[in-house]
Amino acid sequence: MTPPEITWDTLDWTALERLRRGFLAGVGSASAYWQSPADLANYDLTFAQRIAWKWDAVLAELKLRGWVPPPGNVLDWGCGSGVAGRCVLREFGPENFSALRLFDRSSLAMEFATARAKASFPGLTVRSGVPENDRIGLLLLSHVLNELGEPDRAALLQLARRADAVLWVEPGTHADSRALGAMREALLADFTVIAPCTHSAGCGVLTTGNERHWCHNFAAPPAGIMADSHWVRFAQRMGIDLRSLPYSFLVLERTGLRPENQRFAGWTRIVGSPRVYKGFAKVFACEANGVRDLTLQKRDVPELFKRLKNEETVLLTRQTVTGERVATVEATVP
Ligand SMILES: C[S@@+](CC[C@H](N)C(=O)[O-])C[C@H]1O[C@@H](n2cnc3c(N)ncnc32)[C@H](O)[C@@H]1O
């Protein structure tokens, strides 16, 4: 199949609006919302691109953390137009994987994603379907959780237990993030957490008293997006804020597969957006022993305060803390 060519001038707005309703319906959208290859092409140019920007943020963080996937095949489950698989192959190099597998409940989606992947990576073996019973190298999951009822979630956990590593990206909403946190808890017995957490202990956000919190971060859309008339029109018609790309994610590696990288043990992962006030900032900090608000006074840690004030991304910090006040910052990433 050659995927239909869709450009900004030939977008099918009616189809995009129907698809968006389908995504928001979540588990209720039991019937497949992909009705034609053109639906997938419209999605691939627009919604999927925004998802790609989230994947780029996750993959950039994995690079900063010095993690690369184990060798083997890649399975993009619930692949849609296949954007997650393409982002991962582009980042890590198709030569580092034995094959790409694409699976979706929609055969239209599998066909579209297969054609796009073959066009992007001509030398790569691309197949559709889930490999029977074998070990899976890298399992990719992207924006699928809210469409799965309990039986499907349980089956997906069983599938994940066959993988050497799992890369999972979901929208950064309260509900999606906490649902992803529940998947993390279910997989902890077999996996070590690579990111976003710096530990493989229970999730602090899921503990009593932290119900209002959720683990999420914000990806940066490409510079100049607000001056791009195509994207501005798309955002207006779909009711989307272009500047805001909240995501939650989870990266796991089978425990014992490789020696554990201890580089970030004891570090703090900053969750959500820092809140910057006059002379001080507050960050929601995740550590092995739980989550808490930390206060950074400008006079104590002027450099980090300035970076937060300038809205620079700071993901990881190592510091000394007195009470809930950061006394000194020893290192940050980036
Ligand atoms: C919102 S789309 C996301 C597509 C793609 N992963 C992405 O990030 O662009 C969700 C996808 O999950 C698929 N899906 C939903 N329930 C599924 C199930 N039970 N088994 C397999 N695929 C499923 C849908 O057909 C759809 O392609």
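Me: Where is the place of His143 in the chain?

Reply: His143 sits in the loop that runs between β4 (136–142) and α6 (150–160), where the element names follow DSSP runs numbered from the N terminus, a helix being H or I over at least four residues and a strand being E over at least two. The model is a predicted one, in which local features need pLDDT of at least 70 and side-chain atom pairs count only at pLDDT 80 or more, whereas totals for chains, interfaces and linings use all residues. Residue numbers start from 1 along each chain, in the order in which its sequence is written.

Me: Why is His143 called buried?

Reply: A residue is buried if 20 or more other C-beta atoms, placed from the backbone, lie within 10 Å of its own, exposed if 12 or fewer do, and partly exposed in between. His143 has 21 other C-beta atoms within 10 Å, and it is therefore buried.

Me: How do you know whether Glu311 counts as buried or exposed?

Reply: Glu311, which lies in the loop between α9 (302–309) and β12 (316–322), has 11 C-beta neighbours inside 10 Å and so counts as exposed. Asp300, found in the loop between β11 (290–297) and α9, has 17 such neighbours inside 10 Å, and therefore counts as partly exposed.

Me: Which residues does Asp300 touch, not counting those up to four places away in sequence?

Reply: Asp300 touches Val326 and Ala327, a contact being a pair of residues whose C-beta atoms, placed from the backbone, lie within 7 Å. Asp300 and Val326 are 26 residues apart in sequence, while their C-alpha atoms are 7.6 Å apart in space.

Me: What makes Ala109 buried?

Reply: Ala109, a residue of helix α5, has 25 other C-beta atoms within 10 Å and is buried for that reason. When neighbours within four places in sequence are left aside, the residues in contact with Ala109 are Trp34, Leu40, Cys79, Gly80, Ser81 and Asp104. Of these, Leu40 is 69 residues from Ala109 along the chain, with 6.9 Å between their C-alpha atoms. Leu40 is also one of the buried residues of helix α2 (residues 37–45), and the cover over the buried residues of α2 includes α1, α3 (47–64), α4 (83–92) and α5 (107–120).

Me: How do you know what span is expected of helix α1 (residues 13–25)?

Reply: The expected span of a helix is 1.5 Å times one less than its number of residues. Helix α1 has 13 residues and reaches 18 Å from its first C-alpha to its last, close to the 18 Å expected. Gly26 follows α1 and has a positive phi, near 60°.

Me: Which residues are joined by a cis peptide bond with omega of about 0°?

Reply: That cis bond joins Ala195 and Pro196, and Pro196 lies in the loop between β6 (191–195) and β7 (217–219). Another cis peptide bond, with omega about -10°, joins Val333 and Pro334, the latter being placed in the segment after β13 (325–333).

Me: What does the domain assignment of the chain give?

Reply: The assignment, which comes from an automatic or database source, gives domain 1 (13–254) and domain 2 (268–333). Their centres, taken over C-alpha atoms, are 29 Å apart, and the contact takes 16 residues from domain 1 and 12 residues from domain 2.

Me: Why is the chain called as compact as a globular protein of its length?

Reply: The chain has 9 helices and 13 strands. Its radius of gyration is 20 Å, close to the 20 Å that the globule rule gives for 334 residues, so the chain is as compact as a globular protein of that length. The radius is taken over C-alpha atoms, and the rule is 2.2 Å times the number of residues to the power 0.38. Buried residues make up 38% of the 334 residues.

Definitions and conventions:
Two residues are in contact if their C-beta atoms, placed from the backbone, lie within 7 Å.
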